[in-house]
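Q: I would like to learn how to read a structure of this kind, step by step. Could we go through it together?

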Protein chains: 2
Amino acid sequence: MAKVGSMEGRDGAAGLVEVLDYVRRHGTSTRSALVEATGLSRMSVAQRLSALLDRELLAEGDLARSTGGRAPRTLRFRGEAGHLLVADLGATSIDVAVADLSGAILAHAAEPADIADGPDVILARAEELFEDCLAEAAPLAGELWGIGIGVPGPVEFESGRPVTPPIMPGWNGYPVRERFAHHRVPVWVDNDANVMALGEYTAGLGRGTENFVYVKIGTGIGAGVIVRGKLHRGAQGCAGDIGHIQVPVAGRDVICRCGNVDCLEALAGGAALRRDAEDAAREGRSTFLRAALDENGSLDASDVAIAAAHGDVTSVELFASAGRHVGGVVAGIVNFFNPSLIVIGGGGARAGDHLLASIRETVYRRSLPLATRNLVIHGAQLGGQEGVIGAAAMVTNELFAPDFLARWLDAGTPVGQAHAARV
Amino acid sequence: MAKVGSMEGRDGAAGLVEVLDYVRRHGTSTRSALVEATGLSRMSVAQRLSALLDRELLAEGDLARSTGGRAPRTLRFRGEAGHLLVADLGATSIDVAVADLSGAILAHAAEPADIADGPDVILARAEELFEDCLAEAAPLAGELWGIGIGVPGPVEFESGRPVTPPIMPGWNGYPVRERFAHHRVPVWVDNDANVMALGEYTAGLGRGTENFVYVKIGTGIGAGVIVRGKLHRGAQGCAGDIGHIQVPVAGRDVICRCGNVDCLEALAGGAALRRDAEDAAREGRSTFLRAALDENGSLDASDVAIAAAHGDVTSVELFASAGRHVGGVVAGIVNFFNPSLIVIGGGGARAGDHLLASIRETVYRRSLPLATRNLVIHGAQLGGQEGVIGAAAMVTNELFAPDFLARWLDAGTPVGQAHAARV
C-alpha cells in the first residue's frame, strides 16, 4: 500500500481526510473530480486514493460517463466497511439504532423509558436493544467502529460524563463511556440537542446551512448550535442550554428545578404543559381536557395536542402561551446569533402546529427585521429520528477527523485495536 | 523569485498564508520553527519564505540562539511594508489612526462628533483626521494597503453599507466603501462592536480566547462574537445586535426607537442613563446630579459616574439598574453560547465599576453554574483604543487571507494596483 509516511508531513493525513471527506459527502466521485475539488495534483490524489482503497474505506465503483476519452472509474465510500451503535436517550424514551459508516440507519428500535431510572437500568436496556438491532441488521459485513450516545442534559464532551443534569437524577458524573468499554471501540457522548442538531445538519433541513440552531422542546428544552458547519459546544460543553434562560415578561415567578424563577423550561417544557393542562382540566376550563384527565389519570403533550386539534380553546392557548415563551427566548438568540435557520424539534414540537405558529409570530415580532429578513423557522424534518441519525454523524465526524484517521492508518492494525488505544 | 505557480496548486497560496501567519503572529521566527509548526518540509518552507522575502513582506532579522550548529537567521514580519487608515466612528466620537501592517498604531486622533450629522460631514472629518495622522506618522516607508471603518450600527459586510442603523440617521445604505475609492485601496466596513471584539482578540483580553463575547455599552448597546478565533457575523451580518433583546422582568414598557418595548438599549443605553439621571435630578432624588444638571444643562454617563464615585446613592443605583438589565441579557447569552470570557467595553463601561459589578452579580445569579464555572467577566483592557486596533486587525485579516494574498502575489504588480482591482 502507499504509505502515509511517503507523503509530506502533515499533508499525509490531512490530504487523506480531504479526499475521504469529499467522497463521503458525495457518495461517489472520480479521480478528475477529486483533483478539481481538492486542488491537489493527480499524483497526490492517486497516492491518497491508493491508501484508502487498500484500507477498504473506498472501493472502485461503476464507470462514470465519458467526457471524451476512456470512461473514468468511479470511487465510492464503503459505508459497509463498518458499523456503529447509536442511542438517543430522552427523558421519557430510548431510541437506538445500528448505522453504517455512511451514517445510514440499518436497524432502529424505540420504546418508552424513564431516564430517572438511572444509568444502570437505562444503559442495560440500551444494550439489549442494541442486540435486537444487530440481529435485525445481520449479516453485517464490517466490524463495530464506534458508539454514540445522546443524553438529555449537559455533558462534558471530553470525558463523556453528564454534568449536573437537572432531569437525569443519578447520572451526574456517570462514566457512560467506560460503561461501553467492553466493546473495545471508542465511545462519544453528547447532549441530545447537540446530537439532534447534527442529525438535521447531516440529513435534514440543516443540510448545507452553515449557521443554524436546533431547538428541542420536550420534557426539557435545549438547543444545538451549528457555527460554520460545526457544532458549537462552548467553553464547558454546555452551549445551547436555553431551558434556563429567563423568559421576558413572564412575571409568573414560577420556580424552576434549577432554583431560579421563570426559566423557559419551567414555563414551556413538557412538565409545565402537563401541569398547566391538568390545572385547566381541574378548574373546569376545558371539558375536553377534563374528560381525558378523568380517563387516564394524567395528561401529556399529546392529550393537549388532540384537544387543540379538536378546537379546544384552552388547549390552543396552552400551546400559544408556550410558543410565546419559547419565541421570546428564540428572538433573543436570533438577535444575538443571526442564524439563517431555526429548526424546532422534540416531542413538544411534534405535538401540533399551534406551538410552531406561536413561536414564529413572537420571533418575527420581537427580533430585528434585518435578522429575520431571510430567517426560516421550521419544524424538524426527520420525524424524531434526528437523534440517532445525529449520534451516528457525531461518531463518523470523530472517526474520520484527521488525527484519529491518521492514527488508524499509521497503526497498520485492525480497526478495533487502533480504536481501543483511545478508549 | 520563487513563483507561486511552481508550487502544487492550492498549496501555493495556502502555504504562503500559513507561513506568513505564523511569522506575523509571533513577530519573528526561524526556518526550523516554521518547519515544526507547519509540518511542511524544509524545501517547502524555503520556497514559501523566498516568495515572501522577495515581496518584502518578510525580512531576515538577527541571528537566533544556536541550538548546536550554526546560529539560525531569524525572519521577521515587515509591518513597515505598508500602512493602513482606520476609523472607529461612535455615536458621539470619531477615533482615527494610522497603523502599520502588523496592526501597530503609529498615530491616533480622537474628537467628539455626532454620528447623526450624516456620512458626508462625518467621513469628511475622518479624512481630515487621517491627513493629520499621516503627517504625524511621517515618514512612512510603505504604501497605503487598506482602509478599515467601524460604525455604530448593523453593516452588510460584503457591500460595506450600513443597514437600517437606528442611531445613524442618514447612513442607511450609504456606500462607505465607495466614499474612500479615491485612495485606490480596498476598504472594509463593519459594525463597531465587531471591530472592538477583534481588537480585544488581537491585542487585549481576548488574545488566544477562541470563544468570547465583547459587549459594548455606549449610546447603543451591541456585541461582537468570536467563535473559534473568528468573528461570527451571522446570516445577515447583524449577529451581536443585543441592544434590542427584550430585558427579562423589566415590565417598564419603555418604548424603544425600534418600535418594541423594553429593549436592552432603551433601558440601559447611554440615552436611557441620561434620561433617568436627568429625571432623578429634576425630581430632587439626587442633589449631586441636580447641581451638575444646573451647571451643564444636561447630564451624561460621566456625570453619573462622578456622582457615584462620590457616594451618590441614586447614581450608584442608576448603574446598578443598568447592570441588572445588561446582566439579564448577558446571562441568556452565557447559557446559549457558553463563552469563557465576556469583555465589557464602550463609554458606559468606562464610566465606573458599579455597572460591571452589577452585570457580574446578575450573570452569576442567572446563568447555569456549569456555564459560569470558568467564566471571566472583565472590563475592556485597551482603554477605548480597541476600535481602531480592531479596525486594523479587520483589514490585515482580510489582506492576508489566502484568496486575497494569492491574487496579489500572482498579479506581480505593485500593491496598490492589485488592490484597486478589488475596490
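**Domains, a sheet and an interface**

A: In this predicted model, the centres of domain 1 of chain A and domain 3 of chain A, taken over C-alpha atoms, are separated by 45 Å.

Q: Into which domains is chain A divided?

A: Chain A is divided into domain 1 (4–77), domain 3 (205–379) and domain 2, which is made up of the segments 82–199, 388–399 and 412–420.

Q: Turning to chain B, in what order do the strands of the open sheet lie?

A: The open sheet of chain B consists of 3 strands in the order S1-S3-S2, with antiparallel pairing. Its edge strands are S1 (28–29) and S2 (58–63) of chain B, each of which pairs on one side only.

Q: How many bridges join S2(B) to strand S3 of chain B?

A: Strand S3 of chain B, residues 73–77, runs antiparallel to S2(B) and is joined to S2(B) by 4 bridges. As one example of bridge partners, Leu58(B) has Phe77(B) as its partner in S3(B).

Q: How should I read the contact between the two chains?

A: The size of an interface is often given as the accessible area lost when the parts come together. Here the description is by residues instead: the contact takes 45 residues from chain A and 45 residues from chain B. On the side of chain B that touches chain A, at least two residues each are supplied by strand S12 (221–227), helix H11 (313–337) and helix H14 (369–372) of chain B, and H11(B) gives the largest share, 6 residues.

Note on methods: Residues numbered from 1 in each chain as written. Chains lettered and ligands numbered in written order. Predicted model: local features only at pLDDT ≥ 70, side-chain atom pairs only at ≥ 80, totals over all residues. Pairing = 2+ DSSP bridges. Contact = placed C-beta atoms within 7 Å. Domains from an automatic or database assignment.
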